[in-house]
Amino acid sequence: MKNVKQGHIVPVVCLDAGHCAKQNRSGVVPEFYESEINWKLHNLLTEQLKKYGIQVVKTRADQNKDLELTARGKMARNCDLFLSMHVNAADNSLANYALGVHMVDDNCGLIDVQSKEIAKLLSDCVAQILGVKAEVWTRKSASDRDGNGYKDDYYGVLRGAHCVGTAGVIIEHGFYTNKAQAKFLLKDSNLAAIAEAEAKVIADWFEVEKTMQEDVVIGNPYKLELVSIRRGSRGAQVEALQALLIAKGYSCGSSGIDGSFGPQTEEALKAYQENHGLTADGFAGPQTMSSLLGYR
Ligand SMILES: [Zn+2]
């Protein structure tokens, strides 16, 4: 195990659902509220982290209650990592990338190095699922970005985490001002894939292994049915298959989860089958589906 504080037997992660109640509605997909997606995602990630024996502390007990930003960051006291979950907004409706924001102190210490490392790993992982590029932004704690004379660079949650000595990252899961992106994030199976992949990245970073069976905790959020699909298939079941494959580290090509079973999805499926003692025929039947869902 690494990247944990002295005396910790298991890693402890503090998860923050960005915003509360019904905040940050998408102008292009009216049923989308950033706060609701952040809330769902942080709950899914909590369940996935538990499978690795990672302990989770949440900043909010109630989705409707707001808490001051720095106070939320400070709840990461004694935790090994603080993550604030968000979906980005931009004036440009085409903006579409995954982003990890982290903060460094002037005399960059261990938690700053850790923050940068995990910000990069997580933004890469989210970008892969969304089928977009990844960015990492480094913010200095002692700069005066808004020019008001105070050296208090923004992102209060990160400042809060930093001042209690915990590595912190804000993860922006694409943009809700981008129509395709907002629609993508409204699908539970896509959120499940993001949570599963993020948990794996975090567990690998702490060097811990899975301790529980797949799907014991969260059931089957992918809504994958035991139907057979193959190259040429299209639709929701293909999306679910791709979400599962990508979450398990098998890239389905640059278009990510697109619901179209093409050669790259077939290649990913064959690789998965080969690594799991299944016939590597690129045909997703009941045996392969059961394996992907962790039923056997
Ligand atoms: Zn946000």
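Guide: Start with burial: a residue is buried if 20 or more other C-beta atoms lie within 10 Å of its own, exposed if 12 or fewer, and partly exposed in between. The model shown here is a predicted one. In its chain of 296 residues, 45% count as buried.

Visitor: What makes E3 a covered strand?

Guide: Eight of the eight residues of E3 are buried, and E3 is therefore mostly covered. In a regular strand the side chains alternate between the two faces of the sheet. On one side of E3 the buried residues are Leu81, Leu83, Met85 and Val87.

Visitor: Why is Ala21 called partly exposed?

Guide: Ala21 has 13 C-beta neighbours inside 10 Å. Buried needs 20 or more and exposed needs 12 or fewer, so a count in between is partly exposed. Ala21 therefore counts as partly exposed. Ala21 lies in the loop between E1 and H1, and has a positive phi of about 50 degrees although it is not a glycine.

Visitor: Which class does Asn24 fall into, buried or partly exposed?

Guide: Asn24 has 19 other C-beta atoms within 10 Å, and buried would take 20 or more. Asn24 is therefore partly exposed. Asn24 also lies in the loop between E1 and H1, and its phi is positive, near 60 degrees, in a residue other than glycine.

Visitor: What is the count for Gly249?

Guide: Gly249 has 16 other C-beta atoms within 10 Å, so it is partly exposed. Gly249 lies in the loop between helix H7 (236-247) and helix H8 (263-275). The C-alpha atoms of Gly249 and Ala197 are separated by 7.6 Å, with the two residues 52 apart along the chain.

Visitor: How do you know that E1 and E3 are paired?

Guide: Pairing takes at least two bridges between two strands. Five bridges join E1 (residues 12-17) to E3 (residues 81-88), so the two strands pair. E1 and E3 run parallel. Cys14 stands opposite Phe82, and Asp16 stands opposite Ser84. E3 is also joined to E6, by six bridges, and these strands run parallel. The bridge partner of Ser84 in E6 is Ile170.

Visitor: What makes E2 and E5 edge strands?

Guide: The open sheet has six strands in the order E2-E1-E3-E6-E4-E5, with mixed pairing. E2 (55-58) and E5 (133-140) each have a single partner strand, so one side of each is left without a neighbour in the sheet. On average, neighbouring strands of this sheet are turned by 25 degrees against each other, direction ignored.

Conventions
Residues are numbered from 1 along each chain as its sequence is written. This is a predicted model: local features need pLDDT of at least 70, side-chain atom pairs count only at pLDDT 80 or more; totals for chains, interfaces and linings use all residues. Helices (H or I, at least four residues) and strands (E, at least two) are DSSP runs, numbered from the N terminus. Axes are lines fitted to C-alpha atoms, for helices over the stretch in contact, and angles run from 0 to 180 degrees between N-to-C directions.
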